[in-house]
Every structure is written in structure tokens, then in C-alpha cells.
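Subject: Structure for you to look at

Hi there,

Here is the structure I promised to pass on.

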Amino acid sequence: MYSSYTLFQANLSTIVMAVFPSLCFSSAALAQTDVNSSRQELEAIRVADDGRSFVGAQTGKKFVAWGVNYDHDEQGRLIEDYWRDEWETVQADFEEIKLLGANVVRIHLQFGKFMNSPSEPDAKNLEQLAKLVDLAESTGLYLNITGLGCYHRKDVPPWYDLLDEEQRWDAQATFWQAIATVCHQSPALFCFDLMNEPILPGTKVETEWLAGELGGKLFVQRIALELGERTREEVAAHWVKKLTDAIRKVDSQHMLTVGVIPWAHVFKGAKPLFYAPTVGEPLDFVSVHFYPKTGKVDEALEALRVYEIGKPLVIEEIFPLEATIEEVDKFILGSKPFVDGWVSFYWGSTITEYEQQGDIRGAIVASWLRYFSQNAPPPKFP
């Protein structure tokens, strides 16, 4: 099988130029590759015929996602901050992630790193993304590509915040069409996640697109600043359709999702918005982020059940943030009958390196990574 990056060398310039004529790729840059001779053959993953789980596209064997968010390193840097100058670090991290027993890596792409203007994608970072896809193939890992991030305020282009809602959505659609063009041929792509934790306004008119600051990063993003005469469901449905349509123009096979805040965990009785019947039809599976709280594991499992809607269900973020490892284990075990994947975190340090830090945080993360490794499903398929 040709690698994704080799195919990229051969035809991405032609493909993307047809979609985005303003881009110009350097033939010298495209000529560089590092194909791993131990490349593993990956089978594309799809939703099973019953619509409730994942299977290999060719074999039909069940697939359970057991992965990590590779969202930043120990210095807080996002992948685009170092993946050019420190490529060896990325390679080593992927090898370490594989050794932990993971089969999925969730990466987070910032909008501002991939768009030079509302209509012009950034060619250099698209090249680097293709290289990352090739690394995933050679390591035997699947990628959950989460896009439209604005985690670092300094990386948000000033022109982006000046766009109105329609223009902003148009730019987001252009982003996704460019990303899908790079990735659509690779079996290492698990899914496209439209945005991390999108939210909508209420009756109040908002002035800021970004929210949810934690540790100097902004993880939550509004998709509209006001509803006008529209319902929240109407706005969400229009946004989901616009972005999924953009991806489907170039990729008809890979799965689509959006990682959401579990409002049912925050407000008892809350219903899913992005997975409501009128909104989530174009989405292939449910992605929700859960951090169980100490003494409230049963309540968390009850809230999780709200997201069991007849599609595969993935807990796209989980970590012992507000509970013990034993309690998180109880939550995972309790969710196994109806959940099809769990995605934790990896921040670029090994178990041994955390233990050598000699502090409480290092000890907790090391213990969690050891638990994660020991409880990984058998390689590839259970």
C-alpha cells in the first residue's frame, strides 16, 4: 500500500489546486518523506450495519476505540507549535502512545494555523498534516482529527473575529474541505470531529466567540453570537449540515462527529442538542466528554445514558480530574455495555518520566497511564 504522504507527494498539489486555486505547493517540500519500513496495514473503520458499534470496513470485526488526546505537550504547546522543528518528538510520542496500547490519537488543529484568509488554506501546514497522517499509518494508529480550534488567543487571526456568522461559517467550511482533501485517502483516519465543545447563545446577544478558559487555553467556542428568530436547534442543524457537506464534497466514507459538553451531567434532565434528531443526522457517532466526580459515579453513568441514542457512543475525553482512578475505572466498567470507545490524554512524557518528577501530579499521571496501558484492549480489534 502506498503511504498517505507518498500519495500526497504525487497528487495533493493537483487535487488541492483544483479546489483552492490560490494555493501553490513547493515541489521541494513535497519531495521529502520518511516511510517507516515496519508500516502496519490498517483497515478503515466504519459504523456497523446495526448502526450501534464500529467495525473494520473489510473484515466486519468489531473495533473499540481506546485512545488519547494528543492536545498539548508538558510545556502547553500545541502540535502545530513544534511539529516542524521537532518532528522527532512527534514520532517518539506516537511510538510511546502505541506502546501504551492506544489505537486512536485525537489531535487538535487550530483554525488560524490552517487558514491564511477566509478563503485561502495554509499550504505548509497542510503538508505537515499529510506527514502526520503518514506517521499514523506507519505507527498503526488511527487519527481523530478535531478542527477549528482557537485554544490560544494569540493564534486567532484578527480578521477571523471580524467576520459575521455567515462569513465565519464559510471560512470554517473552507478549512474542513482543505483538511478532508489531505486526509480522505488514508485508512488511518478514524473520524473528523467538527469542533471541540461548540456552544450556542441563549436569549442574550453575545459579543465573544470564545469561552471556557482553562490553563491559559480556550476550549469552548460559540458557533453563533445571537439566535435572532431562530431556535437553538435550527442554528445547530444549519451549522452541522454546512460543515459536514463541505467534508462530504471530498470524503464520502470517513466518519463524522462533534465532541460535546455533557450538559446532562451538569443539569439533570438536559437533552443532547447536537445529537437531537433534527440536528445530528449527518453525524455518524456520538462524542461526549466526561469527567466523573468523586462519590458521584452512578450519577455520571445515568447522565451518560442520555447520549445513548442508537449510534455508536465514544467518551472522547476522560481522566481522573475530579475522581480517583478507582472511581474512573468503575465508571468505565459501568459504561462498557453501551460505550464503544474511551479517549484519555497523553502529554508527551512516559510513565517513567512522570515518576521521576517526584511530585503528586507526576505520580497521579503515571498511575493513570499505567492503568490505561494495563486495561487496553488487544491490538487493533478486541
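Leu210 has Gln221 of strand 12 as its bridge partner. Strand 12 (residues 217–222) pairs with strand 11 in the antiparallel sense, over four bridges; two strands count as paired if DSSP finds at least two bridges between them. Helices (H or I, at least four residues) and strands (E, at least two) are DSSP runs, numbered from the N terminus.

Residues are numbered from 1 along each chain as its sequence is written, and side-chain values use heavy atoms, with hydrogens and water left out.

Confidence comes next. The mean pLDDT (the predictor's confidence in each residue, from 0 to 100) is 90, and 88% of the residues reach 70 or more. Over residues 1–19, however, pLDDT is below 50, although the model gives this stretch 49 contacts beyond near neighbours in sequence; a contact means heavy atoms within 4.5 Å. Residues 21–39 also stay under 50, with 40 contacts beyond four places in sequence. Where pLDDT is low, the predicted coordinates should not be read in detail.

Now to strand 9 (residues 189–196). Eight of its eight residues are buried, so strand 9 is largely enclosed by the rest of the structure. Here buried means under 20% relative accessible area, exposed over 50%, and partly exposed in between (1.4 Å probe, protein chains only). Strand 9 runs parallel to strand 8 (residues 142–149), joined by four bridges, and Ile145 has Phe192 as its bridge partner. Strand 9 also pairs with strand 13 (residues 255–260) in the parallel sense, again over four bridges, with Asp193 opposite Thr257.

One more residue to look up is Trp263, which lies in helix 10 (residues 263–266). Trp263 counts as partly exposed because its relative accessibility is 37%.

For the overall picture, the protein has 14 helices and 16 strands, and buried residues make up 58% of its 382 residues.

Best wishes

Terms used. This is a predicted model: local features need pLDDT of at least 70, side-chain atom pairs count only at pLDDT 80 or more; totals for chains, interfaces and linings use all residues.
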